[in-house]
Amino acid sequence: MTLSHSYNLGLSSPMSVPLDFGLKSVKQSSSCVAIALAEGSKEQISDMFNKVELSLSSYDTAWVAMVPSPCAPQSPHFPRSLSWLMNNQLCDGSWGLPDHHPLLIKDALLSTLACVLALKQWGVGERQINKGLEYIASNSASVTDDRQHTPIGFNILLSGMIEQADCLNLNIPLRPTDVDYVSSKRNLEVKRGLSGISGRYLSYVAEGMGSSADWEMIMKYQRKNGSIYNSPATTAAALTHLQNASCLHYLESVLEKFGDAVPTIYPLEIYARLCMIENLERLGIDHHFRKEIIHVLDDTYRCWLQGEEELFLDIATTAMAFRILRSYGYDVSSDALSQFAEEDHFCNTLEGHVKDAGSVLELYRASQLIINDDEIILDKINSWTSEFLRKGLHTGEMHANRLKSYLSREVDDALRFPLHANLEKVANRRNIELYNIDSTRILKCGLRSHNFCNKDFLNLAVKDFNNCQAIYQEELKYLERWVKEKRLDKLKFARQKLAYCYFSAAATFSTPLLAEARISWAKNGVLTTVVDDFYDVGGSAEELENLIQLVKKWNVNFSADCCSEQVQIIFSALHSTISEIGDKAVTWQGRNVTGHVAQIWLELLDSMLIEAEWTRKKAVPTMDEYMANGFVSFALGPIVLPALYLVGPKLSEKQVESLEYHNLFRLMSTCGRLLNDMHGFKRESKEGKLNAVTLQMLDGSSTSEGEATESIASIIISKRRELLKLVLQEKDSMVPRACKDLFWKMSTVLHFFYMDDDGFTSDEKTSAVKALLDQPITLNEL
C-alpha cells in the first residue's frame with residue numbers, strides 16, 4: 001500500500017516472550033484465557049438466547065385490570081392483575097420501573113396515574129391510591145419539563161386519564177396551568193393524527209382517547225394474534241369498548257405467559273434476540289456464540305420466509321433482520337425496505353409520525369447492504385435517513401426509544417463510520433467505551449430486557465479485548481525483532497510502517513487463533529512498503545531488474561547473484577517470508593503454496609517496474625493502461641492473497657484461478673488505487689508522479705480537478721458496491737465466505753485510512769492504532 005507519512009507511535013510492548021512464526025506461546029496464552037472466559041459471563045449470555053425476559057409494565061397491567069367482567073360489569077375481568085398492582089407499588093408511592101433514570105419521571109407519572117385509576121375504579125387500595133397521588137403531586141413539575149424524556153403519546157394518554165379521573169370523582173393533584181398545557185398539546189397531536197392518511201398513531205394511543213376514539217377504525221390495526229399493535233394497554237381498552245373475542249384471547253395468552261401482569265409490548269422475541277446478536281457483534285464477542293447465533297438466525301429466516309407479522313410490522317425489526325441475515329449470507333430480498341425509499345412513506349407510519357430515530361437508524365444501516373437490487377433504492381434510503389439523523393442530532397427533534405444522550409452517541413458513530421469504513425476491532429473498542437448497561441427502552445412506558453444489553457456483555461467484551469490486545473503486543477514485539485533481523489531498518493529509503501501494517505492485520509483478523517494470518521499480512525505489508533519505496537526512489541534500474549530476476553530464479557546464491565547489498569536485504573526477506581508462508585499453509589491447505597505466493601510477488605514487481613519505466617521515460621499511459629497495471633502495483637496482492645491460505649477454508653488451484661477470485665482482487669485493489677490517487681493527488685502532482693486524477697483530466701472526459709475527483713469518487717462507490725455484492729453472494733460462488741471477507745476487510749481498512757485525508761495523517765487514526773494495540777480497557781473507567 002503506497003500510503004504516505006510516517007509516525008513514531010510510541011507503542012509499548014511490555015511482553016517480550018520469544019516467538020516463532022507459529023507463535024506457540026501466544027496460542028497457549030489465548031487458550032488459558034479462553035478457558036477462563038468460558039465460565040461465568042459466557043454461560044449466562046448463552047442462556048439468554050433460550051429465553052427473552054421482558055420487564056412487567058405497571059401501566060399496561062393497570063389497563064388490563066380496568067377491563068370489566070362481561071358477566072358482572074361491576075367486577076374486574078382480571079382480578080389477579082388488580083391484586084398485582086396493589087402488591088407492586090414502589091416505596092416512593094409510584095408505579096413503574098424501579099431505580100429509573102431521573103429523566104424518566106413522565107414515564108413514572110403515566111404508570112402511577114393508570115394504577116391509581118384502576119384501583120379507584122374497583123374501589124380498592126385506598127392507601128396505595130393516596131400514596132400514588134402524593135407521588136404525582138410531588139413530581140407534577142415534570143409534566144411540562146422539556147428536559148424529561150417524553151414517552152410516546154404522553155399528552156394524549158395523560159389528558160385522557162385526567163378525564164377518566166374526573167368521571168371517577170378523583171382529584172388529580174396537578175396545577176390547572178399544567179393540565180391546560182397538556183390538553184393543548186393533546187389537541188394538536190389529535191388534530192395532526194386525524195389529518196394523517198392512516199390514523200396509526202391515534203390507534204396506538206387509543207386508550208387515551210377513551211369513548212371519543214373511533215374504535216371500529218382502530219380495529220383495522222388488529223393483528224393476527226388479536227392485539228392492537230402488540231400493546232396490552234391498547235388491546236385492553238379495545239376489549240373494554242368492543243368486547244372483541246380476539247382481544248380477550250390475546251390478553252389471556254399474555255397473562256398465561258407472564259403471570260398476573262403484562263409487559264408493555266408482546267411479542268418481542270425476534271427483536272430482542274436480534275438485539276443480542278447486534279450487541280455481541282458490536283462488542284466483538286460474537287465469535288464465542290457462533291452456534292447460538294446461527295440457531296437464532298435460522299429461526300429468524302424462517303419467520304422472514306413465512307412473512308411473520310412480528311418481523312414485518314415493525315420497521316426497526318424488519319431493517320435489523322434484513323441487515324443481519326444478509327450479512328450472514330441468508331437470501332433475503334430488500335423488497336421489504338423498498339417502500340421506505342421515500343421519506344414521505346416513512347412519515348405515514350407510526351414510527352414516522354413520532355419521528356423515531358431508532359427506526360431511521362436501522363433503515364440507514366440496512367441501506368448499506370442493499371445489493372443485487374435496485375441501487376436507486378439504496379441511494380434514496382441512505383440519503384434521507386442520513387439527513388434525518390444529522391438534522392435530529394443538530395436540532396434534537398427526534399424521538400428516541402432510550403435516553404437521547406445514549407442514542408445520539410450511537411447515531412453520531414454510525415454517521416461517522418459507515419459500513420465501508422468501519423474497522424471491526426476499532427469499532428469494538430469504541431462501542432465498549434460508549435456502552436450503556438441500562439437496558440431501558442421507552443415506548444408508551446418503560447421496558448427493560450437483559451437481552452437488549454447488560455453488564456455480562458460488557459464484562460466479557462472488556463476481558464476479550466484486553467486478551468486480544470495482549471496477544472497483539474506479543475506479535476508486534478516479534479515483528480519488531482523480525483524487521484531488525486532482516487536488516488530492513490538499514491534501508492534508509494524505506495518508510496517504517498510496521499505499526500500500521502500490523503494494525504491493519506489485527507483489525508482484520510481479530511480472533512487469537514488467526515495469529516499466522518496476522519503475521520503473514522503484517523510481514524507482507526512491511527515488505528510491500530519497502531519494495532514500493534525501492535522501485536519509487538531507492539533502487540537503480542539495474543537493481544530493479546535484478547530483484548525481479550532473483551524472484552524468477554528463486555534458488556540463488558545470495559552473495560553472488562545479488563547486485564547490491566540493498567537487493568540482497570530485500571530478496572533475503574522476501575525469500576524467507578514467502579517460504580515461511582508456504583510451509584505454514586501446508587497445515588491449513590494440505591499442499592505447498594510457495595510457488596503461488598512467489599508468483600503473486602513477481603506480478604507486483606513487474607507492475608512496479610512498468611511504473612518506474614513510465615516515470616523514467618516521462619511516458620503518459622491512457623487511463624485504461626494505468627488502471628490495468630495500477631490495481632496490481634497498489635501492492636495489496638502479497639498482503640491479502642497469501643493470508644487466504646491461513647484463515648481456515650481450503651483453497652484449491654481451481655478456486656484460486658477462478659474469475660470470482662480475480663474479480664474480488666481486482667475490485668478491492670481498484671478501490672485502493674483510486675482512493676490513494678484521489679486523496680494523494682496534490683502531493684503526487686508536486687512530485688511529478690502519475691495519478692488517476694491527472695489522467696482523468698488529460699483524457700478529456702473531465703476538464704477540471706473537481707470534475708475528475710468527482711468522477712473518481714463515483715467509480716470508487718461503484719467498485720465498492722460490486723465488491724460487497726461478490727462477497728455476500730452465496731449462489732454459484734466458488735470462493736469460501738471466510739476468504740471473501742478478507743477482500744472486503746482490506747477495502748474497509750483503506751476507506752478508514754482515507755476517510756478524510758492522504759492516508760495515515762490524522763491524529764484520530766494514530767490514536768485508533770494506539771487504542772487497539774497499546775491501551776487496555778479498564779472497567780472502572782467506563
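Threonine 529 counts as buried because its relative accessibility is 4%, where buried means under 20% relative accessible area, exposed over 50% and partly exposed in between (1.4 Å probe, protein chains only). This threonine is found in helix α26 (residues 515-538); helices (H or I, at least four residues) are DSSP runs numbered from the N terminus. The side chain of threonine 529 reaches the backbone oxygen of glycine 525 at 2.9 Å.

The model is predicted: local features need pLDDT of at least 70 and side-chain atom pairs count only at pLDDT 80 or more, while totals for chains, interfaces and linings use all residues. Residues are numbered from 1 along each chain as its sequence is written, and side-chain values use heavy atoms, with hydrogens and water left out.

**Core**

The largest nonpolar core has 262 residues, and those with the most contacts inside it are Leu85 and Tyr535. Such a core is a set of buried Ala, Val, Leu, Ile, Met, Phe, Trp, Tyr and Cys residues joined through side-chain atoms within 4.5 Å. Helix α24 (residues 455-485) gives the largest share of this core, 13 residues. Apart from neighbours within four places in sequence, leucine 85 is in contact (heavy atoms within 4.5 Å) with residues including Ser58, Trp95, Cys115 and Leu119.

**Cysteines**

The structure holds zero disulfides, a disulfide being a pair of cysteine sulfur atoms within 2.5 Å. Cysteine 671 is buried, at 1% relative accessibility. Cysteine 347 is partly exposed, with a relative accessible area of 37%.

**Aromatic rings**

There are 25 aromatic pairs in the structure. Rings of Phe, Tyr and Trp (its six-membered ring) pair if their centres lie within 6.5 Å; planes under 30 degrees apart count as stacked, over 60 as edge-to-face and the rest as tilted. Two of the pairs are set out below.

| Pair | Centre to centre | Angle between planes | Type |
|---|---|---|---|
| Tryptophan 304 and phenylalanine 312 | 4.8 Å | 55° | tilted |
| Tyrosine 472 and tyrosine 502 | 6.2 Å | 70° | edge-to-face |

The pair of tyrosine 472 in helix α24 and tyrosine 502 in helix α25 (residues 498-508) links distant parts of the chain, 30 residues apart. Both tyrosine 472 and tyrosine 502 are buried. Tryptophan 304 is buried at 9% relative accessible area, whereas phenylalanine 312 is partly exposed at 29%. One aromatic cluster is formed by Phe417, Tyr500, Phe503, Phe752 and Phe753.

Lysines also meet rings. Lysine 444 lies over the face of tyrosine 204, at 4.4 Å from the ring centre, and lysine 106 lies over the face of phenylalanine 154, at 5.2 Å. A charge sits over a ring if NZ of Lys or CZ of Arg is within 6 Å of the ring centre and within 35 degrees of the ring normal.

**Backbone**

Most residues other than glycine have a negative phi, and most peptide bonds are trans. Asparagine 230 has a positive phi near 60°; this residue is in the loop between α10 (215-218) and α11 (232-242) and is buried, with a relative accessible area of 6%. Tryptophan 554 has a positive phi of about 70° in the loop between α27 (541-553) and α28 (558-561). The peptide bond from tyrosine 266 to proline 267 is cis, with omega near 5°.

Technical notes: Helices (H or I, at least four residues) and strands (E, at least two) are DSSP runs, numbered from the N terminus. A polar contact is a pair of N or O atoms within 3.5 Å; within protein, one must be able to donate a hydrogen and the other to accept it, and residues adjacent in sequence count only if both atoms are side-chain atoms.
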